[in-house]
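Subject: Structure for your files

Hello,

Please find the structure below. My notes on it come after.

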Amino acid sequence: MTRRGERGLALVVVLLGVAALSLIAFAMLASSVTATRIARNDWARLQVTTAANSAVQAAILSLFDPVLQDLPPLDGAARSSTAGDVDLSTAIQDETGRVDLNVSGRDLLRSYFAAAGDLEVAPADALAGNVIAWRTTHGAFQSVEDLGGVDGMTPDLIVRVVPGLTVYSHRESFDLRTAPPPVLRAIPGMSATGLRGRGIVRPGRAYSIHVAASRGATRVERLAVVLITGDPAKPYWLLDWR
């Protein structure tokens with residue numbers, strides 16, 4: 001091989017080496033950028049999650065506010081607030097304002113399914129009968145998600161009826177002062193706003209707390225259900241957390 005050819009081959013080898021090093025450097029840079037982005041996203045999610053958890057705790061504490069007029073609405077109406085640069089939406093629902101799947105009679109269930117599910121009387125009555133048959137066969141509903149096992153209950157129907165249902169009130173009727181709009185519509189002539197009131201926090205009642213926290217594209221939701229015990233040593237029990 002001539003000297004010129006040797007120099008040319010050496011140049012090719014050098015260029016290939018430079019190209020390979022460039023690719024390695026680019027891959028390392030891309031990996032670093034990706035890792036930084038992931039770390040930034042993880043940090044943002046941690047901040048939003050912390051804000052959501054803190055908002056749940058604040059809502060629970062608000063149930064023990066000794067000043068009646070400072071109590072939050074207990075009818076599931078959302079209230080907006082911020083924690084730093086995190087936007088918060090907090091809703092507290094007295095579960096006695098909802099229709100209890102385990103103890104409500106057929107008439108109430110039929111009226112509720114007709115109103116909230118936008119059903120005719122006949123299919124609403126059949127659905128009410130299926131709910132009663134399910135709880136007779138399987139025992140008490142453990143959560144409203146158990147509705148998925150009831151004959152005739154479709155996913156679309158579940159979305160419409162779940163907001164007004166509960167397994168925590170243990171009452172055959174519901175409290176008009178804290179009933180959410182889907183429940184109020186089950187009463188003929190009652191508007192969606194109906195008879196509104198702040199309600200009163202009482203021992204033996206359960207309250208669900210829903211918090212949505214968001215910052216930019218990062219969003220975290222929390223749902224907690226607490227039972228007020230009336231015991232100063234253990235003022236509430238956490239029935240659900242997700």
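This is a predicted model: local features need pLDDT of at least 70, side-chain atom pairs count only at pLDDT 80 or more; totals for chains, interfaces and linings use all residues.

Residues are numbered from 1 along each chain as its sequence is written, and side-chain values use heavy atoms, with hydrogens and water left out.

Sheet

Helices (H or I, at least four residues) and strands (E, at least two) are DSSP runs numbered from the N terminus; two strands pair if DSSP finds at least two bridges between them. Five strands make an open sheet with antiparallel pairing, in the order β1-β2-β5-β6-β7. β1 (75-83) and β7 are the edge strands, each pairing on one side only. From one strand to the next the twist averages 25°, with axes taken as lines fitted to C-alpha atoms and angles running from 0 to 180 degrees between N-to-C directions.

β1 pairs with β2 (residues 86-94) over seven bridges, and T82 stands opposite D87 in β2. Between β5 (residues 206-215) and β6 (residues 218-231) there are ten bridges; here V211 stands opposite R222. These two strands form a hairpin with two residues between them, and G216 in the turn has a positive phi of about 60°. β6 and β7 (residues 234-241) pair over six bridges, V226 having L238 as its bridge partner. They too form a hairpin, with two residues between them.

Cores

A nonpolar core is a set of buried Ala, Val, Leu, Ile, Met, Phe, Trp, Tyr and Cys residues joined through side-chain atoms within 4.5 Å. Buried means under 20% relative accessible area, exposed over 50%, and partly exposed in between (1.4 Å probe, protein chains only). The largest core has 26 residues, and Y112, F113, L147, V161 and L165 have the most contacts inside it. Each of α2 (106-116), α3 (121-138), α4 (155-161) and α5 (181-184) supplies at least two of its residues. A second, separate core of 21 residues includes A59, L88, A224 and I228.

Helix α2

L108, L109, Y112, F113 and A116 are buried in α2. They lie on the same side of α2 because they cover an arc of only 125° around the axis, the arc being that of the directions from the helix axis to the C-beta atoms. What covers them includes β3 (99-100), α3, α4, β4 (165-166) and α5, where contact means heavy atoms within 4.5 Å. Just after α2, D118 takes a positive phi of about 55°.

Regards
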